[in-house]
Amino acid sequence: MWRKNQVRYGMVIDVDKCTGCGACAVACMSENNVGVLPDETDKIRSITWLRVYQIDNGKPFPDTEVAFFPRPCMHCQGGTSGAPGQAFFQEDTDPQEAHTPCVSVCPAIATDYDDATGIVSQIPTRCIGCRYCVAACPYHARYFNWYDVPWPQGTPRGLSPFVSPRMRGVVEKCTFCYARLQRAKNKAFVGGGKVGEMDYQTACTEACPSGAITFGQLQNPAHKVHKLIQSEFAFRLLEKLGTNPKVYYMSKRKWVRMMADNHLSQAKATQAAASGGHK
Amino acid sequence: MDWDRRTFVKFAVGAVIGIHASPLIPKFMDDTAIWTQNWNWVPVPEDGAVAYAHTVNPHTGTGAKAKLIDGRVEGLRAIRVEGNPNHPLSQGGVLPADASALQLLYNSEIRVTKPLLRNRSTGVMTQLSWPQALDLVAGNLANLAKNGQAHMAAALGADPSSTTGQILMRLMQALGSPNVAFTPTPRETMALAGLFMMGQPFLGFDLANANYIVSFGTPLLDGFGAPVAVRKAFAGWRGYPKNQARLVQIEPRASVTASQADQWLACKPGSEGLVALAMCRIMIDEGVYDRAIESAYGWNDADGLPGFKSYLLKNLDRAKTASLAGISLPKLVKMTLAFAKADRAVAVCGPGNSGDPGRLYDFMSVLALNALKGNLGKPGGVVAQQPLPLKSLGGALPEAKPPALAMAGRPFGVNNVHELAQAALAGKPYGLKTLILCGGNFVFNGPQANVMHDLARKTPFVVAITPYMDESAGMADLVLPSTHWLEGWGDSTTPFGSAVSCYGLHRPLVKSVDEAKDGGDILLALAQRLGGPVAAALPFKNLGEAMAKRTQAMGDFKKLAEASYWAQKRPAYGAMRFNTPSGRLELSSRVLRNLLSKGGRDADKTARALGVKAGAQTAFLPHWEEPAAYAEGAAYPLVMQAVPSLRTTWGDEAVTPYMVKILPDTVLANTDKLVVEMHPATAQQLHLQEGDAVLVESSAGSLTAKLTLYAGAAPGMVFVPLGLGHKDFGFQVAGKGMNFNRAVKVTSDPMSGMPIWELTGVSVKKVRG
């Protein structure tokens, strides 16, 4: 449950600006030392913390249109889902409702919800590899290391020391580049200031060549994301599950919003929101 | 003691209690946890002091920032490539190719570390020392020159405007060989179109300030110009609740650009230039072109508007043209009127979806459309770039006497690597004895890969200067290791279509692998060994010195190298200067007329001999001619075009493992199968279904793939992802998909003489697979 002195980091991805180039995904992999297997066409085994999905409107030629959904971890903490047009961020006070699907099933506390930041952590060395969390995540954001990464000779030289490479048998996922938050906090501590909006930005946000990704504190009116999530064009994925994700999407295109499970009419959405979003 | 039942039970219970009381179990569990998680093959990256250094990726034009770590044991190493927010074009953004550059840099399984000599019959590679390797090449070239066969040595390079490219050109010219060619780019087509019509070779589109953009078949968001810069402009066009600018895409497929555009007009393949002409006609008919230009350009003679106007009125019926291009006329008229009305509208041409340099007349038609809109030199229009203040590396060298292989009968010299290869293979007028491949991986990138493969196979002595054991190195007799762009000196010039000129420079940031040297250094060392006029033409100790001389006008070289770029401050707005014979914008090009009738030749005959079907009068005007792929006959009823993507390739570098990793299964299916797209109706006609294994065959080559049905693909076409199918580059990249360039048929643009391969006539058959 969110309290006034806590922050909630979140992301807004503008689907209308995303051109599906994959720079975010690649920047994420290089930031977080993600490995490459000999066969990456086996998507069940392929690990992509941030995967770019492609959808199309299903219309015949020449009215066909595609759009892209970059999907990081949603960093859920159940709560009241915002109605379309008034998407605002609110976590439920009832602990039964305010759970995170993956955290609530983890028997090893290898993943946890950080009340101070709203980030769902992942500690690979604690993970026992049971994969309950993989099954529980409605967004397929979690991946299991089925194999050891066969780093080609010499390539470990290019790995970052700020994120440990994972071993076989553990689960991994997007952490909103938590190592960057730690560094920003250290810097702020030494400098005597606070972690500012631009001090902590994820690798994907920085890399995006069309500036489609915005990252910041959802509850902080000074941050860009706070304003963006109140747009009538903002929505989230699978809102009806009540997972209350911290990753928002924006699109002016109605068919895109419809596909993203935001097709409830205004009246129904308000009703659903009022009843906790579990309808 | 007797071992009766009771003793046994006591002992067993005692053992269980004892083990539980001891630290054995927790210790064993702890060890198990450590044992299962601390394999010695899970790398532990070394920590150290962090520093950043600016650089520019010459393959993508992205301004980058390398994150470096200075470790106590491992020394200085790069751990990430991020964007440089100060760079005027890329402003902090990166491409997948930039962000994953380290995967090529540090992969010692694919890097060439020492000069290698191959035994052609056994394929065995032997290591040579640098002096031995250089002596071998210099001896070979000197021998050719001594026997008057210098022209039988050819060199292929990646970028003619880079300092390494300039050194390569001077080296070959001083040696006496006219045979140098480079990777074909739309920069050259644009330079010709600009020169012919405006006397301006360096033209750009002010995309960032435009508010109505019509893109003619160019992948604006998938590899046009400096891709990050285009995306930055694109980001500015979007907005809530209304977009700031309107983007119209004209092309046959529901591509990324078409989908992100506000309007997609699906046209027949190759008819984009025709649509531009139809828009000109509509603007003239409706009288909505910029009237001010008539007097400003002095457009009242036949070279100006009247000639073009009468050509359009005579030859371009609106309804017929629209149906020929497959676009609904009312939609086209509505769009044209909106284009004419917009205050900052621009029509954009560029590289084709297959990565080809574009057709000259299509570019001229788009420039004509911009001229009618009256946006030349205006914000959001077509602007002339300030030429980069680069000095020449030395005085002019004497022209080589024998005719170049690629110039057969053309009125002006162009860079056509494909014609060079074909002429050399046919031995007309002569064959090659030595081939130097300096970057560009021509055996893979082609443009027609199988022809380049044959050329490398048939030429007796092939030298590859490359950082990687790529396909070109795989065909070479001698492989010379060059540096990766993060390890060595190098530069790149203004990307295609940029409104401002921009010079990018990269310098050694990390120690180079083993014995790799800068490509330019290798060429300079070669020149020194050759001695005589060659050494005199290239009096530089190393590439850094040559670059310092070339960039003298950009200020202190050390500061420039640290900043990593030089850029024109703002686009050159204001009346454009036309350096044409008439001093005006010539819609009917006098330059072209003079070239065709040079030496008293009959211009009409010359034009027809080159393959311009329309004959002389129209040959000087922007006009449309049917693509060669249409005339392939009944054996090849479908038209093949590539699907470019920043996830598969950009520039001449190979895809990286991360780029392969993020390919969706509509591009690369399990297991490692290339996927080609087709419209469901076309597939039905051919009795093909989703998931079928198919053979895509042209008159020049073929590829096999898995078929996927996509409603956004134009009927009658097949779309193939570009840039996959490497044979080399390590287990994470090799053997993934097939190479599009092994199936294309390259032809030459009749007028520009550039190689073009946008469309290829193909047949598609079901095969077992």
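1. How many bridges join S17(B) to strand S18 of chain B, and do the two run parallel or antiparallel? The model is a predicted one, and in it 3 bridges join S17(B) to S18(B), residues 502-506, with the two strands running antiparallel. Within this pair, Gly490(B) stands opposite His506(B) of S18(B).

2. The sheet to which these strands belong is open and has 3 strands, in the order S17-S18-S19 of chain B, with antiparallel pairing. Its edges are S17(B), residues 490-492, and S19(B), residues 565-567, each of which pairs on one side only. On average, neighbouring strands here are turned by 15° against each other, direction ignored.

3. Turning to the chain as a whole, chain B has 28 helices and 28 strands. Its radius of gyration is 29 Å, close to the 27 Å that the globule rule gives for 769 residues, so chain B is as compact as a globular protein of that length. Along the principal axes, the C-alpha atoms of chain B fill a box of roughly 125 × 65 × 55 Å.

4. Of the 769 residues in chain B, 59% count as buried. Taking contacts in chain B between residues at least 6 apart in sequence, 74% join residues that are at least 24 apart.

5. The largest nonpolar core holds 311 residues, and those touching the most other members are Leu171(B), Leu437(B), Val676(B), Val696(B) and Val718(B). Helix H15 of chain B, residues 360-373, gives the most to this core, with 10 residues.

6. With its neighbours within four places in sequence left aside, Leu437(B) is in contact with Leu156(B), Phe442(B), Val462(B), Val463(B), Ala464(B), Ile465(B), Ser472(B) and Ala476(B).

7. The contact between the chains takes 58 residues from chain A and 69 residues from chain B. On the side of chain A that touches chain B, the elements giving two or more residues are helix H1 (23-31), strand S2 (51-56), strand S3 (66-71) and helix H5 (203-207) of chain A. H1(A) gives the most to that side, with 7 residues. The residues on this side of chain A divide into 25 nonpolar, 19 polar and 14 charged.

Technical notes. Residues numbered from 1 in each chain as written. Chains lettered and ligands numbered in written order. Predicted model: local features only at pLDDT ≥ 70, side-chain atom pairs only at ≥ 80, totals over all residues. Contact = placed C-beta atoms within 7 Å. Helix = DSSP H or I, 4+ residues; strand = E, 2+ residues; numbered from the N terminus. Nonpolar A, V, L, I, M, F, W, Y, C, P; charged D, E, K, R; others polar. Pairing = 2+ DSSP bridges. Axes fitted to C-alpha atoms, helices over the stretch in contact; angles between N-to-C directions. Rg over C-alpha atoms; globule rule 2.2 N^0.38 Å. Buried ≥ 20, exposed ≤ 12 C-beta atoms within 10 Å, placed from the backbone. Core = buried A, V, L, I, M, F, W, Y, C linked by C-beta atoms within 7 Å.
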